[in-house]
Amino acid sequence: MGDQKQKSSSKKEKKAKRESTGGAGDDVAPVKTEYLAPIAKPLADDKLQKKVLKLVKKAAKRKQVKRGVKEVIKAIRKKTKGVCILAGDISPIDVVTPIPVLCEDNDIPYIFVPSKELLGQAGLTKRPTSCMLILPKPVKASSSDDDSEAREFAEGYKEVFNKVQSVQVVY
């Protein structure tokens with residue numbers, strides 16, 4: 001009986017610790033680069049990574065995001081524009097290797113972030129996410145959309161779009 005009580009208290013402690021650290025946009029956890037895939041270029045630096053994850057969080061709240069390899073590839077093939085965010089610690093890397101090629105063919109800027117856990121957390125999911133496509137406009141236009149919130153998202157999107165485009169590797 002005492003063992004069960006100890007387990008429940010440890011779950012409460014973990015939940016409290018997780019809530020006290022805040023979201024992915026608040027602070028970025030250091031990630032060891034030894035787990036990064038060799039194709040994870042261009043990799044976002046700390047400052048850009050923080051901005052990208054903040055934008056992902058806003059896009060997820062506004063439902064302007066495509067999550068996962070299958071959805072992202074489908075959207076890119078349908079000529080959907082946006083910014084593609086890829087996790088750099090995916091194993092096996094073959095899962096996401098076609099995405100940078102598709103992005104380059106369709107003139108979609110893409111960037112790698114070090115951790116799939118951070119990307120999933122920023123996308124407001126409990127599961128790690130390998131890739132996301134942030135859309136410039138919502139899939140379905142909603143009438144209850146706040147103008148100031150939409151304007152703020154558009155400014156953030158434009159800023160991240162330009163920065164990601166400027167760090168692209170040119171072949």
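Student: How should I read the relative accessibility of Lys163, and what does the value of 31% make this residue?

Tutor: A residue counts as buried under 20% relative accessible area and as exposed over 50%, with partly exposed in between. At 31%, Lys163 therefore counts as partly exposed. Please keep in mind that we are reading a predicted model.

Student: Which residue does the side chain of Lys163 meet in a salt bridge?

Tutor: Side chains of opposite charge can pair when their charged atoms come close. Here the side chain of Lys163 meets that of Glu159, with 4.0 Å from N to O. Both residues belong to helix α6, where they are four residues apart, which means that about one helical turn separates them. Glu159 is itself partly exposed, at 35% relative accessibility.

Student: Which residues are joined into one network with Lys163 by salt bridges that share partners?

Tutor: The network consists of Lys51, Glu159 and Lys163. Lys51 forms a salt bridge with Glu159, and the closest N and O atoms of that pair are 2.5 Å apart. This pair links distant parts of the chain, since Lys51 lies in helix α2 and Glu159 in helix α6, 108 residues apart. Lys51, with a relative accessible area of 26%, is partly exposed.

Student: How many salt bridges does the structure hold, and what does the side chain of Lys58 meet?

Tutor: There are four salt bridges in the structure. In one of them the side chain of Lys58 meets that of Glu152, at 3.2 Å from N to O. Here again distant parts of the chain are linked, with Lys58 in helix α2 and Glu152 in helix α6, 94 residues apart. Lys58 is partly exposed at 31%, and Glu152 is partly exposed at 46%.

Student: What is Ile85 in contact with, leaving aside its neighbours within four places in sequence?

Tutor: The contacts of Ile85 include Val52, Val56, Ile111, Val113 and Leu119, and also Cys131, Met132 and Ile134.

Student: How does β4 run relative to β1 and β2?

Tutor: Strand β1 (residues 65-67) is joined to β4 by three bridges, and the two run antiparallel. Lys66 has Leu133 as its bridge partner in β4. Strand β2 also runs antiparallel to β4, joined by four bridges, and the partner of Leu86 in β4 is Cys131.

Student: Finally, where does pLDDT stay under 50?

Tutor: That happens over residues 19-25, for which the model has 11 contacts beyond four places in sequence. For the chain as a whole, pLDDT averages 85, and 77% of the residues score at least 70.

Technical notes: Residues are numbered from 1 along each chain as its sequence is written. This is a predicted model: local features need pLDDT of at least 70, side-chain atom pairs count only at pLDDT 80 or more; totals for chains, interfaces and linings use all residues. Side-chain values use heavy atoms; hydrogens and water are left out. Contact means heavy atoms within 4.5 Å. Buried means under 20% relative accessible area, exposed over 50%, partly exposed in between (1.4 Å probe, protein chains only). Two strands pair if DSSP finds at least two bridges between them. pLDDT is the predictor's confidence in each residue, from 0 to 100.
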